[in-house]
Amino acid sequence: TMFMPNRGSNSITMVEGIMDGPGRSQLTVIPVPGELPEGIDLSPDGRELWTATRNDGGVSIIDVASRRVVQTLDLGLRDANRLKFTPDGRVLIIDGEAASLVVIDAASRSEITRVTLGQGDTGDGAVLVTPDGTRAYLGLRAADRVAVLDLNTLEVTQEMLMGDGAGPGCMYWIGASN
């Protein structure tokens with residue numbers, strides 16, 4: 001199963017049977033109430049898909065089995081563009097314009113904390129969580145750096161400067177399961 005955010009239509013497309021080829025795939029378009037869904041991730045148990053919506057400061061939670069939005073969280077975000085689950089069920093959301101990372105407890109749907117990532121807009125970014133769940137790497141495109149977050153203390157412990165104009169908007173693991 002593959003999920004794709006559709007910014008232009010404020011929806012998520014779910015493609016089942018994708019490995020069987022286009023003729024055998026089943027597409028389901030799931031409307032979300034927020035504007036510009038972009039950051040998405042599947043919960044560790046595979047039951048929920050969360051999507052951050054850039055233009056309205058919220059997150060929509062989709063029940064995968066029923067293929068519908070079951071809850072929307074208004075988090076007051078200014079530019080939520082990346083979202084990632086941790087192995088223990090927390091959700092990390094980069095809010096570029098607010099230069100912060102919001103940490104949510106997925107089970108209770110409550111905010112744990114907001115971590116300041118800079119003084120100004122950090123831009124579109126990326127979130128990678130180590131497979132062992134101890135650290136998150138936060139790509140801060142407009143700030144030209146990667147912040148390393150300790151997931152036990154929820155503090156930035158290190159920063160990797162990337163050089164002017166070299167801030168990452170995407171990052172990927174090679175040879176890891178995340």
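How many aromatic pairs does the structure hold? There are two, where rings of Phe, Tyr and Trp (its six-membered ring) pair if their centres lie within 6.5 Å, with planes under 30 degrees apart counted as stacked, over 60 as edge-to-face and the rest as tilted.

Before you click, some ground rules: this is a predicted model, where local features need pLDDT of at least 70, side-chain atom pairs count only at pLDDT 80 or more, and totals for chains, interfaces and linings use all residues. Residues are numbered from 1 along each chain as its sequence is written, and side-chain values use heavy atoms, with hydrogens and water left out.

**Stop one: the aromatic pairs**

Select Trp50 and Phe85. Their rings sit edge-to-face, 5.6 Å centre to centre with 80° between the planes. Trp50 belongs to strand S5 (residues 48–53) and Phe85 to strand S8, 35 residues apart; strands here are DSSP runs (E, at least two residues), numbered from the N terminus. Both Trp50 and Phe85 are buried, where buried means under 20% relative accessible area, exposed over 50% and partly exposed in between (1.4 Å probe, protein chains only).

Now pick Tyr137 and Trp173, another edge-to-face pair, at 5.9 Å centre to centre and 85° between the planes. Tyr137 is in strand S13 (residues 135–140) and Trp173 in the segment after strand S15 (155–161), so this pair ties together parts 36 residues apart in sequence. Trp173 has 28% relative accessibility, so it counts as partly exposed.

**Stop two: the open sheet**

Go to S1, S2 and S3, which form an open sheet in that order, with antiparallel pairing (two strands pair if DSSP finds at least two bridges between them). S1 (2–6) and S3 (26–31) are at the edges with a single partner strand each, so one side of each has no neighbour in the sheet.

Zoom in on S1 and S2 (residues 11–16), which pair over five bridges. Met4 has Thr13 in S2 as its bridge partner, and Pro5 has Ile12. Four residues lie between the strands of this hairpin, and Asn10 takes a positive phi near 50°.

**Last stop: the largest pocket**

Select Arg82, Leu83, Val127, Met171 and Tyr172, which lie nearest the centre of the largest pocket, among its 18 lining residues. Strands S4 (37–42), S8 (80–85) and S12 (125–129) each give two or more residues to the lining.

Methods
On a 1 Å grid over the protein atoms alone, a cavity is a set of points where a 1.4 Å probe fits but cannot get out, and a pocket is an open set with protein on both sides within 12 Å along at least five of seven lines; lining residues have an atom within 4 Å of a point.
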